[in-house]
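Please open the model in your viewer and keep the selection panel at hand. The tour below moves from one selection to the next and says what is there at each stop.

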Amino acid sequence: MTATDPALTALAQSWCALSLLHGKIEAHVERALQAKHGLSVREYSLLDVLNRQHDGEGGHLQMKQVADAVVLSQSATTRLVTRLEERGLLARYLCPTDRRGIYTDVSEAGAALLAQARPTNDAALREALDEAARNPELAPLVKAVETLRA
């Protein structure tokens with residue numbers, strides 16, 4: 001295949017459309033979360049991921065797993081955890097069975113803020129998808145997102 005191969009060009013255009021959809025959604029949700037709750041999309045995502053962990057076997061996530069879930073490097077995730085901990089939204093403690101391990105849990109204040117922010121996140125996501133669906137280039141991607149199941 002050459003650089004001007006129509007299949008590659010179509011693939012590149014599809015990737016650009018997906019990137020555009022992601023950017024539009026993230027920007028819309030970011031504005032809503034910042035305005036109403038003082039949270040970034042990344043902060044919300046981190047609180048959400050950590051809030052979903054449990055105390056049972058395999059229930060706490062390692063920092064790499066958290067980083068993968070919020071699509072950040074481990075160092076960026078550690079900085080984000082530190083910022084949220086300084087705001088009283090997270091707490092870190094040593095793993096009871098392996099003193100080298102450190103767990104991070106959402107504090108009561110963090111869980112309360114997450115509960116308040118969840119409807120804002122969900123509404124902003126819905127608004128962004130509805131707006132993007134009006135764009136013929138993005139409409140098929142919106143449909144794909146809406147039909148995915150976790």
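Which residues have the most contacts inside the largest nonpolar core? Select Leu-33, Leu-39, Leu-46, Leu-47, Leu-84 and Leu-90, which have the most contacts inside this core of 30 residues. A nonpolar core is here a set of buried Ala, Val, Leu, Ile, Met, Phe, Trp, Tyr and Cys residues joined through side-chain atoms within 4.5 Å, where buried means under 20% relative accessible area, exposed over 50% and partly exposed in between, with a 1.4 Å probe and protein chains only.

Before going further, note that this is a predicted model, in which local features need pLDDT of at least 70 and side-chain atom pairs count only at pLDDT 80 or more, while totals for chains, interfaces and linings use all residues. Residues are numbered from 1 along each chain as its sequence is written, and side-chain values use heavy atoms, with hydrogens and water left out.

Helices (H or I, at least four residues) and strands (E, at least two) are DSSP runs, numbered from the N terminus. The largest share of the core, seven residues, comes from α5.

Next, centre on Leu-46, which, leaving aside neighbours within four places in sequence, is in contact (heavy atoms within 4.5 Å) with Val-66, Val-70, Thr-77, Leu-80, Val-81, Leu-84 and Leu-90. From there step to Thr-77, which lies in helix α4 and is buried, with a relative accessible area of 0%.

Then select Tyr-93 and Tyr-103. Rings of Phe, Tyr and Trp (its six-membered ring) pair if their centres lie within 6.5 Å, and planes under 30 degrees apart count as stacked, over 60 as edge-to-face and the rest as tilted. By this rule the count comes to one aromatic pair. The ring centres of Tyr-93 and Tyr-103 are 5.7 Å apart and their planes lie at 80 degrees, so the pair is edge-to-face. This pair links Tyr-93 in strand β1 (residues 90-94) with Tyr-103 in strand β2 (residues 102-106), ten residues apart. Both are partly exposed, Tyr-93 with a relative accessible area of 32% and Tyr-103 with one of 22%.
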